[in-house]
Amino acid sequence: MSEAIKDLYVQKLTTSKSKVDSLNPLYKLSNREMDVARHLIEGLGIIEVSNRLNLSSSTVSTYKSRIFEKLGVHNIPDLISLFKMNADKE
């Protein structure tokens, strides 16, 4: 588990509900980035996501990079963990 994910767990455990809602990192994503992220956490690859969303694979790759940067994750398992922690707050 990355340090960013560990920090989010600690933050979630030590922050009141109203403060946690405002700290939901998923709010940083645009609607399209959220679409791409959801497909990635379902286990789809870049090409499969590009086919589903009718985007070029380079565009999906760019979205993936932006998602990782905005959320401070480095891999899909960390992205999945982050979504699980924050899904109830979307």
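These legends go with a set of close-up views of a predicted model. Residues are numbered from 1 along each chain as its sequence is written, and side-chain values use heavy atoms, with hydrogens and water left out. Because the model is predicted, local features need pLDDT of at least 70 and side-chain atom pairs count only at pLDDT 80 or more, while totals for chains, interfaces and linings use all residues.

View 1. Along the sequence the pattern reads α-α-α-α-α-α; helices (H or I, at least four residues) and strands (E, at least two) are DSSP runs, numbered from the N terminus. Of the 90 residues in the protein chain, 36% are buried. Here buried means under 20% relative accessible area, exposed over 50%, and partly exposed in between (1.4 Å probe, protein chains only). Take the contacts (heavy atoms within 4.5 Å) between residues at least 6 apart in sequence: 60% of them join residues at least 24 apart.

**View 2. Helix α4 (residues 46–53) has Val49, Ser50 and Leu53 as its buried residues.** They sit on the same side of α4, because they cover an arc of only 100° around the axis; the arc is that of the directions from the helix axis to the C-beta atoms. Those buried residues pack against α3 (31–41) and α5 (57–71). Just after α4 comes Asn54, with a positive phi of about 55°.

**View 3. Glu33, in helix α3, is buried, with a relative accessible area of 3%.** A polar atom of the Glu33 side chain lies 2.8 Å from the backbone nitrogen of Ser30. The side chains of Glu33 and Lys70 are joined by a polar contact, also of 2.8 Å. A polar contact is a pair of N or O atoms within 3.5 Å; within protein, one must be able to donate a hydrogen and the other to accept it, and residues adjacent in sequence count only if both atoms are side-chain atoms. Setting aside neighbours within four places in sequence, Glu33 touches Lys28, Tyr63, Arg66, Ile67 and Lys70.

**View 4. α5 packs on helix α6 (residues 76–86) at an angle of about 60°, with the axes 11 Å apart.** That makes the pair oblique: angles under 35 degrees count as roughly parallel, over 145 as roughly antiparallel, 65 to 115 as roughly perpendicular and the rest as oblique. Axes are lines fitted to C-alpha atoms, for helices over the stretch in contact, and angles run from 0 to 180 degrees between N-to-C directions. On the α5 side, Lys64, Ile67, Phe68 and Leu71 meet Ile76, Leu79, Leu82 and Phe83 of α6.
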